[in-house]
Amino acid sequence: MENTNYEASVTALRKLLMIDTSSVPPLEGMPFGEGNATALNFTLDLLKGFGFKTKNIDNYCGWAEIGEGELFGVLAHLDTVPAGVGWTYPPFGAEIHNGRIYARGAEDDKGPLVAVIYAVARILAGGKKPKMRLRFILGCNEESGWKCMDRYKETEEMPQLGFSPDSDFPVINCEKGVLRHKISFPLPPEIRDISGGEQANIVPDYATATLKCGKTIEARGKSAHGSRPKEGENAIIKLLSSLISEEKAENLTKLHSALKNSDGEGVNLKLSDSKSGALTINLGVISAENGTITIKTDIRYPVSFKKEEITARLAEALPFCTVSEGAHNPPLYVPPNHPLVLGLLSAYSEVTGDTASTPLAIGGATYARVLPLGVSFGPVFPSEPSTVHAKDENISLGNFKKLQEIYQKALEKLCF
């Protein structure tokens, strides 16, 4: 068996973080690009070294399994959102500064994945055998479509129970629905070109437009996860504000008014419920081509609403636009008194001493949704700022070590 100590886990994480797994066009035999294929095989080889049986499913995804009996899943993703610009340190350098590893994927989701792997490896090294089949399921397209999980479901066995280490502590038992839309309308005659943002689920930090007169207008913001738009500053919204003050373009004025508030108020989507909280909407991408402006939005809606109602309200509020549905992830809800929730919460409390925190609802979407019964568990601690999808994404070495302790305690309770 490979070395299971903490230093070895840091080395493995840094090697994985140095592989650029942001979204790129497919290559032959590599549906999500060379980086994701390389990272998948690296991780499967790592797990094989700890005694796991492994399978690579056409470089879409893979799994690694140990034990016998009922199947329990740990689902994580290797792909990342684009690095973006303005980093203090190289986004795929995995450099350590002031006790933190800086890299895209450090928190989302390579850091917690490696923490779980080494937590299991230590349990196995101690001589314990799992009382069920423990399967890691590794995806490569979580950030931009979930085609990896679609491929997995075609031919592979799905665990009935499990968790995804891809969100917050203490435990996430409720995830809002995620619904993407493409919205288009004619390019105003005063504007030659407009662009901004990289993905619908990132608050854009830069946007620019060129007017017919030749003048260029730029706007800068602050990136954040699209499920938490208030933590960022949307550069596209700022750009629209500048454009309407310059040109008084009617449709841009309407669009700005409709989407300037991330709570959905401008498009009759200010919705909430007691289980999951309030709806959010992020204007993530804007572009122009062939005389048409296209924008991409990311909506996180409460669990008591249906996607059809969300789309209908959005289209009704934007009558000058063509609105079409894109990717959709249905909401998730597991009762807070379910044994899975209680077991994970107990492990977190025993390691951290935090007995006050209770299960949470979030706007983020994790692989827990693909399970018949699943939740998200870590890695971001309460009251600590998240760097997920932001520039200078990082994980502290202290937290990385604590993650391994929590995941070890949890899996000892649930699977050993």
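## Salt bridges

Glu65, Arg133, Arg135 and Glu157 form a linked network of salt bridges. The model is a predicted one. Across the whole structure, 20 salt bridges are found.

Asp58 pairs with Arg151, with the closest N and O atoms 2.8 Å apart. This pair links distant parts of the chain, 93 residues apart. Asp58 sits in the loop between strand 1 (53-57) and strand 2 (61-66), and Arg151 in helix 4 (residues 147-155). Asp58 is partly exposed at 46% relative accessibility, whereas Arg151 is buried at 16%.

## Two further pairs

Arg151 also forms a salt bridge with Glu154, at 3.9 Å between the closest N and O atoms. Both residues lie in helix 4, three residues apart, about one turn of the helix. Glu154 counts as exposed, at 60% relative accessibility.

Glu175 and Arg369 form another salt bridge, with closest N and O atoms 2.7 Å apart. Glu175 is in strand 9 (residues 172-175), and Arg369 is in the loop between strand 20 (360-362) and strand 21. They are 194 residues apart. Glu175 has a relative accessible area of 0%, so it is buried. Arg369 is buried at 13%.

## Strand pairing

Strand 7 (residues 161-164) pairs in parallel with strand 3 (residues 71-77) over three bridges. Gly73 stands opposite Gly162. Strand 7 also runs parallel to strand 21 (residues 373-376), joined by four bridges. There, Phe163 has Val375 as its bridge partner.

## Nonpolar cores

The largest nonpolar core has 82 residues. Phe72, Phe136, Phe377 and Leu411 touch the most other members. Helix 3 (residues 110-125) gives the most to this core, 11 residues. A second, separate core has 41 residues, including Ile183 and Phe305.

Technical notes
Residues are numbered from 1 along each chain as its sequence is written. This is a predicted model: local features need pLDDT of at least 70, side-chain atom pairs count only at pLDDT 80 or more; totals for chains, interfaces and linings use all residues. Side-chain values use heavy atoms; hydrogens and water are left out. A nonpolar core is a set of buried Ala, Val, Leu, Ile, Met, Phe, Trp, Tyr and Cys residues joined through side-chain atoms within 4.5 Å. Buried means under 20% relative accessible area, exposed over 50%, partly exposed in between (1.4 Å probe, protein chains only). Helices (H or I, at least four residues) and strands (E, at least two) are DSSP runs, numbered from the N terminus. Two strands pair if DSSP finds at least two bridges between them. A salt bridge is a side-chain nitrogen of Lys or Arg within 4 Å of a carboxyl oxygen of Asp or Glu.
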